[in-house]
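Please examine the sequence and the structure shown below. The paragraphs that follow consider pairs of charged side chains and the parts of the chain that they join.

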Amino acid sequence: MTEKRVVITEMGTTAYPDPCKNIFSRFFTYFKGIEVTDNCMVNVYPIGEDFYACTETNYITKIDPDSLETLKKVDLCDYLSVNGLTAHPHIEADGTVYNIGNCFGKNMCLAYNIVKIPPAQKDKSDPIEKSKVIVQLPSSERFKPSYIHSFGMTEDHFVFVETPVKINLLKFLTNWTIWGTNYMDCFETNEMMGTWFHLATKDPAAYISQRYRTSSFNMFHHINTYQDQGFIVVDLCCWKGHEFVYNYLYLANLRQDWEEVKKAAMKAPQPEVRRYVLPLDLPPEDQGKNMVSLPYTTATAVLRSDGTVFLEPEVLFSGPRQAFEFPQINYSLCSGRNYSYAYGLGLNHFIPDRICKLNVRTKETWIWQEPDSYPSEPLFVQTPDSTEEDDGVLLSVVVKPGAELRPSFLLILDARDLKEVARAEVHAIIPVTLHGMYKP
């Protein structure tokens with residue numbers, strides 16, 4: 001506001017150059033470090049006894065959970081060898097936080113570091129100061145890391161899905177730093193790469209060099225990951241093909257009339273909820289055979305002569321231009337374990353107009369929908385002391401643009417059948433949110 005211009009480049013918005021700086025002075029800033037966004041508007045999660053807002057860069061912001069006042073900006077590069085971390089960490093029952101981000105590995109090659117932040121300390125010290133890298137995963141391309149939005153974690157393993165959507169580091173250091181373009185200008189896709197699954201053990205943390213590969217897809221959100229009878233089951237919200245879905249989400253596209261939005265969505269990668277199964281035991285005599293023996297899935301995994309395991313998924317949900325996205329589960333009860341239910345937003349040609357429940361065993365679905373209403377990510381809140389997976393409620397902030405008096409409300413749904421329990425209407429417009437958390 002003070003500068004009266006965009007001063008930090010965001011995902012699809014370029015900062016206006018400082019009129020006092022020419023191209024040479026902007027080039028010189030490269031040697032002092034690249035200025036990245038600290039606009040922490042993607043998610044909120046706890047570290048120790050504190051709460052932090054985050055985005056996908058190296059900055060997180062400590063907030064007051066009651067007043068939502070910002071308290072402190074933290075640069076994770078001061079503590080960890082990462083260029084940034086995802087906005088979707090995994091958090092264990094004791095408060096231990098795990099996350100992943102890209103980094104410079106051996107011989108200046110790009111790699112991916114999984115980091116661990118310990119729970120609240122008895123001496124009241126800051127857990128972030130004791131955070132550490134526990135394992136490093138290789139990148140398939142030396143100077144082009146894949147875009148990471150989330151990762152999977154079982155009780156014993158980490159799962160990282162390396163997609164063909166790449167960040168061109170050379171473009172990032174030149175086009176963005178010197179010429180003043182944005183993050184989206186630095187993305188490209190590798191049409192020949194396919195998609196790779198990387199595994200690492202959790203304790204002790206170690207990379208598993210076995211290669212798992214499948215056909216190309218985009219992916220932002222893991223639903224859940226668990227281990228069963230010598231297999232790792234990975235459930236994902238996927239977008240078919242190698243083209244980056246974000247290319248279709250510019251405001252210029254979404255502000256067109258509804259028929260034009262639908263035409264653009266027809267050209268975009270199509271969404272599916274998929275289940276992939278990775279065998280941990282790979283007998284050489286099983287080469288060329290499907291090694292998945294779990295009775296409840298049709299996903300396959302075939303060991304090829306080059307040692308690669310090629311994966312084919314089971315499709316859990318698919319509808320024409322209908323996406324199941326922003327997934328949630330009963331995290332405290334089911335994260336890293338076999339489960340039945342997932343909750344998410346239903347995207348109709350990219351527009352969130354419904355809340356969905358999916359039974360991943362039977363593929364049965366439930367829907368909440370109301371005309372001219374646009375919900376946000378549904379947060380599952382478990383009934384206290386309950387042991388039933390779907391015994392709880394869903395919380396979602398719903399925007400209703402046509403309602404002049406009460407254009408927004410907090411919707412509360414019964415998680416069993418998605419019937420409305422209550423709503424709290426407000427006389428204000430609440431921005432559509434991305435992700436969040438429930439704090440008792």
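Is glutamate 388 buried or exposed, or does it lie in between? In this predicted model, glutamate 388 has a relative accessible area of 43%. Because buried means under 20% and exposed means over 50%, glutamate 388 counts as partly exposed.

Side chains of opposite charge can pair when their charged atoms come close. Glutamate 388 provides an example, for it forms a salt bridge with arginine 416, and the closest N and O atoms are 3.1 Å apart. This pair links distant parts of the chain: glutamate 388 lies in the loop between strand S26 (379-382) and S27, whereas arginine 416 lies in the loop between S28 and S29, 28 residues apart. Arginine 416 is also partly exposed, its relative accessible area being 34%. Through shared partners, salt bridges join Glu388 and Arg416 with Lys357, Asp390 and Asp391 into one network.

Attention may now turn to glutamate 370. This residue forms a salt bridge with lysine 400, with 3.3 Å between the closest N and O atoms. Glutamate 370 is located in the loop between strand S24 (365-368) and strand S25 (374-375), while lysine 400 is in the loop between strand S27 (392-399) and strand S28 (408-414), 30 residues apart.

Glutamate 370 forms a salt bridge with arginine 423 as well, and here the closest N and O atoms are 2.7 Å apart. Arginine 423 belongs to strand S29 (residues 420-426), and the two partners are 53 residues apart in the chain. With 28% relative accessibility, arginine 423 counts as partly exposed.

The pairs described here are among the 20 salt bridges found in a search of the whole structure.

Methods. Residues numbered from 1 in each chain as written. Predicted model: local features only at pLDDT ≥ 70, side-chain atom pairs only at ≥ 80, totals over all residues. Heavy atoms only, no water. Salt bridge = Lys/Arg side-chain N within 4 Å of Asp/Glu carboxyl O. Helix = DSSP H or I, 4+ residues; strand = E, 2+ residues; numbered from the N terminus. Buried < 20%, exposed > 50% of the residue type's maximum accessible area, 1.4 Å probe, protein only.
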